[in-house]
Amino acid sequence: MNDTQMTPEEIISRTALIHSTFTPSAPVKNPDLFAGRKVQIDRVFGAVFSPGQHAVIYGERGVGKSSLATIIYDVVILSGRSSYVPARVNCSRGITFAEIWREIFKQLPVTRGGETIDLSENFPDNPTSEEIRGLLSQLDNPAIIVIDEFDRVDQDTTAVQMSDTIKTISDRALPVTLVIVGVATALNELIEEHESVVRSLVQVEMQRMSVPELLETIDKGLTKVELQMPDFIRKRIAILSQGLPHNTHLLAKQAALAAVKDGRLDINEADYRQAVRDAVLDKAESLGKIYKSSTYSPKENIFAQVLLACALAADKSGVFSAKDVRIPLSLIGNQTYGIQAYIRHLDKFSTERGPILHKGGVKRRFQYRFVEPLMQPYVILKGLADGLVTEDQLTSLNFSSEPELPL
């Protein structure tokens, strides 16, 4: 253990470094801090260097899609291809096709006769895919264009127009790579699937990260901020994150801040427990409000316990069935429950209480998942903070998608 005490100035400096290193609310921008995802990086990397190919990165919220898209340009530059230029636009609700491309061309000026020309000036109000291709063909350098949060655009207009544009750009094999990013479970939720367009797209599904990948995330951050964390706390954080790097960053950040606030370079169990409480408080205005509306009742009830059991029952993809809830609910409730004791709770969670759960499938084979993926680890953290579940109970549930890394 390192007992080194920090000066007030060092505490301020280290605190600032922690905030810039562990970034739960923003994509990872430094390739040195990006962990895992080697297969996905290689697939997008391949699209960049394959004429006529583009990439679509999709998956549930919180799995690190934007971080992957953010570091691709840096990875390309590190490969020695310094001629590439980047552009990026984050889509808002209702953004139009023209607005997306106008913003992109603002970031991609061209040089003519020694003068810089802004291609976004005199931009058409309703550009066609051919007009977009014509403007892109004027670029001085090959470009990597990231269009993030594409799930927010209108699927009947903007998504269709983007599909047509991808086809047009691909047919001409322009030195431009589009990287489309969005929340989705399948390609057709983001892009209109014309056969010719699908051939031009490298589909990159971002699934939840494994425990080893999340441990790598923690370790890279700890190296950057020069702090020590015991293995059992590293593993707890990785497992509690439920495959979502957002939560790994949040818990590691709060634990590191707790240690540094006390002037220490070593993170201990008290810091970890404080991190759990702080992580719950951090989400009080977002996930916390949804949680409260889903579990509150003036009468005595077990809504909070059932929701916690749902979070504990989910598999590594976040999916569970009604029967999966029985064991964790019986453990945390300290009595035996049958499905009939809580099936109505699941129905209410998927209807008037939120809905906080999504219910799919057919009768007797219904499957559930949290509507907001980040809600699942939040419910577990809330359960720990409120004393609804203990660390020992989590251990007895073998609460881990990686059995070789128990709590």
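Which residue in S6 is the bridge partner of Ile144? The bridge partner of Ile144 in S6 is Thr177, and the legends below place this pair in its surroundings. The model is predicted, so that local features need pLDDT of at least 70 and side-chain atom pairs count only at pLDDT 80 or more, while totals for chains, interfaces and linings use all residues. Residues are numbered from 1 along each chain as its sequence is written, and side-chain values use heavy atoms, with hydrogens and water left out.

**View 1. Strand S5 and its two partner strands.** Strand S5 covers residues 143-148, where strands (E, at least two residues) and helices (H or I, at least four) are DSSP runs numbered from the N terminus. S5 pairs with strand S2 (residues 85-90) in the parallel sense over six bridges, and strands count as paired if DSSP finds at least two bridges between them. In this pairing Pro86 stands opposite Ile144. Strand S6 (residues 176-183) also runs parallel to S5, to which five bridges join it.

**View 2. The two sides of S5.** Six of the six residues of S5 are buried, that is, under 20% relative accessible area with a 1.4 Å probe and protein chains only. In a regular strand the side chains alternate between the two faces of the sheet. Ala143, Ile145 and Ile147 point one way from S5, whereas Ile144, Val146 and Asp148 point the other way.

**View 3. The surroundings of Thr177.** Thr177 lies in strand S6 and is buried, with a relative accessible area of 3%. Not counting residues up to four places away in sequence, Thr177 touches Ala47, Val48, Gln53, His54, Ala143, Ile144 and Ile145, contact being heavy atoms within 4.5 Å.

**View 4. Helices H10 and H11.** The axes of H10 (residues 245-261) and H11 (residues 269-282) come within 8 Å and cross at roughly 125 degrees; axes are lines fitted to C-alpha atoms, for helices over the stretch in contact, and angles run from 0 to 180 degrees between N-to-C directions. The contact includes Leu250, Leu251 and Gln254 of H10 and Asp271, Tyr272 and Gln274 of H11.

**View 5. Helices H8 and H10.** Helix H8 (residues 211-225) packs with H10 at an angle of about 40 degrees, their axes being 10 Å apart. Leu214, Thr217 and Ile218 of H8 and Pro245, Thr248 and His249 of H10 make the contact.

Key
Buried means under 20% relative accessible area, exposed over 50%, partly exposed in between (1.4 Å probe, protein chains only).
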